[in-house]
Amino acid sequence: MFYEEVWGVPHNELTLANDVVHVWYVPLNQPMAAVQRFTHLLAPDELQRAERFHFARDRYHYIVSRGVLRTLLGRYLQCAPEQLQFQYGERGKPTLSHTKQPKQLQFNLSHTHERAIYAFAWERELGIDIEYIRTLDDMESIANHFFSAREYQQLCALPQADKQRAFFTCWTRKEAYIKARGDGLAYPLDQFAVSFAPEDCTPLLEVYGDTQETERWSLHGLPTEADYVAALIVEGHTWELRCWRWPDNALF
Ligand SMILES: CC(C)(COP(=O)(O)OP(=O)(O)OC[C@H]1O[C@@H](n2cnc3c(N)ncnc32)[C@H](O)[C@@H]1OP(=O)(O)O)[C@@H](O)C(=O)NCCC(=O)NCCS
C-alpha cells in the first residue's frame with residue numbers, strides 16, 4: 001500500500017478520541033520560515049540542545065522535530081505550544097508535566113534522516129520508531145549481538161535481497177517496544193522477539209518468560225515511503241489507528 005493512501009491530511013479541528021492512537025509522519029526539511037517559527041516555541045533547554053549540533057541541517061531538524069511536537073501537543077491540549085513543559089524519565093523518555101487535563105496525554109517520537117514520526121494517545125503507554133533503510137556493513141553482526149536467537153536465525157534464513165529491509169523492520173519493532181517501556185537501550189534487546197512480517201498484527205511480540213508482558217502490548221508496522229520503515233507499540237488491544245501527515249503548506 002502506498003503511504004499517501006494511508007496518511008491523511010487532517011481537518012483544522014483536531015480531536016483525539018479515547019481508544020484512538022494518532023500517528024503523524026513529518027518531513028524534517030521544512031522551509032526556513034517554519035524553522036524560525038518553531039524556534040520561538042522551544043524552551044531554553046531545547047534551544048541550548050539545538051545549539052550543540054555541529055551541522056546546521058541537524059540543528060534545523062531538531063528544531064522542527066521539537067516544534068512539531070509542541071504544535072501537535074498544543075492542538076490536542078488546546079494550549080499554547082510554547083507553554084508546555086516536559087519532564088524526563090530515568091532513561092530520558094519525555095512526558096508532559098503540569099497539564100490541567102484530568103487524563104494523561106501520552107506521546108512518543110522518533111526521527112531518522114529526513115523524517116520524524118509521532119504517536120499520541122490518552123492514557124496508554126506507547127513507543128514509536130522509524131529508521132531510514134541504509135547499507136550497514138556489519139548488519140549481520142549487529143543482529144547477532146542485539147537480536148534474540150530466533151530473530152537472528154530468521155534473518156539469516158532470508159534471501160540476501162530481503163535482509164536489509166527485514167533487519168530494519170525488526171530493529172524498529174524492537175526499539176518501539178523499549179521506547180514504550182521507557183527503558184531505551186538499557187533493556188536487553190535479546191530478551192524478547194518481534195515478528196518480521198511486513199504489516200501483520202499477530203504474533204506481535206514475545207517477551208521471554210513474561211506472558212503478561214506479551215499480552216500487555218500490541219504492535220503495528222506502519223506504511224512509509226519505500227526507503228523508511230516504522231513501527232508502533234501501544235498498550236492494550238482495543239484501540240484504533242489514525243495516520244496523519246504534516247500538511248505541505250506548513251501553516252498547520
Ligand atoms: C531511546 C533510544 C532507544 C532512542 O534511540 P534513537 O533511535 O537514537 O532515537 P529515536 O529518534 O528513535 O528517538 C529519539 C526520541 O525518543 C524519545 N526518547 C528519548 N529517550 C527515550 C526513552 N528512554 N524511551 C522512550 N523514548 C525516548 C525522545 O523524544 C527522543 O527525541 P528528542 O530528539 O526529542 O529527544 C536511545 O536513545 C536510548 O536508549 N536512550 C537511553 C539512554 C539512557 O539510558 N540514558 C540514561 C541517562 S538519561
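Helices (H or I, at least four residues) and strands (E, at least two) are DSSP runs, numbered from the N terminus. By that count the protein chain has eight helices and eleven strands. The radius of gyration of the protein chain, taken over C-alpha atoms, is 18 Å, close to the 18 Å that the globule rule gives for 252 residues, so the chain is as compact as a globular protein of that length. The globule rule is 2.2 Å times the number of residues to the power 0.38.

This is a predicted model: local features need pLDDT of at least 70, side-chain atom pairs count only at pLDDT 80 or more, and totals for chains, interfaces and linings use all residues. Residues are numbered from 1 along each chain as its sequence is written.

## Overall build

Along its principal axes, the C-alpha trace of the protein chain spans about 50 × 40 × 35 Å. A residue is buried if 20 or more other C-beta atoms lie within 10 Å of its own, exposed if 12 or fewer, and partly exposed in between, with C-beta atoms placed from the backbone. Of the 252 residues in the protein chain, 36% are buried. Two residues are in contact if their C-beta atoms, placed from the backbone, lie within 7 Å. Among the contacts with a separation of 6 or more, 60% join residues 24 or more positions apart.

## Two domains

The protein chain is divided into domain 1 (3-7 + 19-130 + 233-245) and domain 2 (132-225); the bounds come from an automatic or database domain assignment. Their centres, taken over C-alpha atoms, are separated by 23 Å. In the interface, 23 residues of domain 1 are in contact with 20 residues of domain 2. On the side of domain 1 that touches domain 2, at least two residues each are supplied by helix 1 (3-6), strand 1 (20-27), strand 4 (105-112), strand 6 (126-132) and strand 10 (228-235). Strand 6 gives the largest share of that side, five residues. By class, this side of domain 1 has ten nonpolar, eight polar and five charged residues. Here Ala, Val, Leu, Ile, Met, Phe, Trp, Tyr, Cys and Pro count as nonpolar, Asp, Glu, Lys and Arg as charged, and the others, Gly among them, as polar.

Two strands pair if DSSP finds at least two bridges between them. Four strands form an open sheet of mixed pairing, in the order 4-5-1-11. Strand 4 and strand 11 (240-245) stand at the edges with a single partner strand each, so one side of each has no neighbour in the sheet. Direction ignored, neighbouring strands of this sheet are turned by 15° against each other on average. Strand 1 and strand 11 are paired in the parallel sense over six bridges, and L241 in strand 11 is the bridge partner of V21.

Helix 4 (residues 56-77) lies across strand 1, strand 4 and strand 5 (115-122), and runs at about 160° to strand 4. Axes are lines fitted to C-alpha atoms, for helices over the stretch in contact, and angles run from 0 to 180 degrees between N-to-C directions.

A116 lies in strand 5. A116 counts as buried because 24 C-beta neighbours lie inside 10 Å. Leaving aside neighbours within four places in sequence, A116 is in contact with V26, L28, S65, V68, L109, S110 and H111. A116 and Y62 are 54 residues apart in sequence and 9.8 Å apart in space, C-alpha to C-alpha.

Three strands form an open antiparallel sheet in the order 6-10-9. Its edge strands are strand 6 and strand 9 (217-222), each pairing on one side only. The twist averages 15° from one strand to the next. Strand 9 and strand 10 pair in the antiparallel sense over six bridges; W217 stands opposite E235 in strand 10. Helix 7 (residues 160-181) lies across strand 6, strand 9 and strand 10, at about 150° to strand 6.

Q78 lies in the loop between helix 4 and strand 2 (85-88), and H113 in the loop between strand 4 and strand 5. Q78 and H40 are 38 residues apart in sequence and 18 Å apart in space, C-alpha to C-alpha.

| Residue | Phi | Other C-beta atoms within 10 Å | Class |
|---|---|---|---|
| Q78 | near 55° | 9 atoms | exposed |
| H113 | near 50° | 15 atoms | partly exposed |
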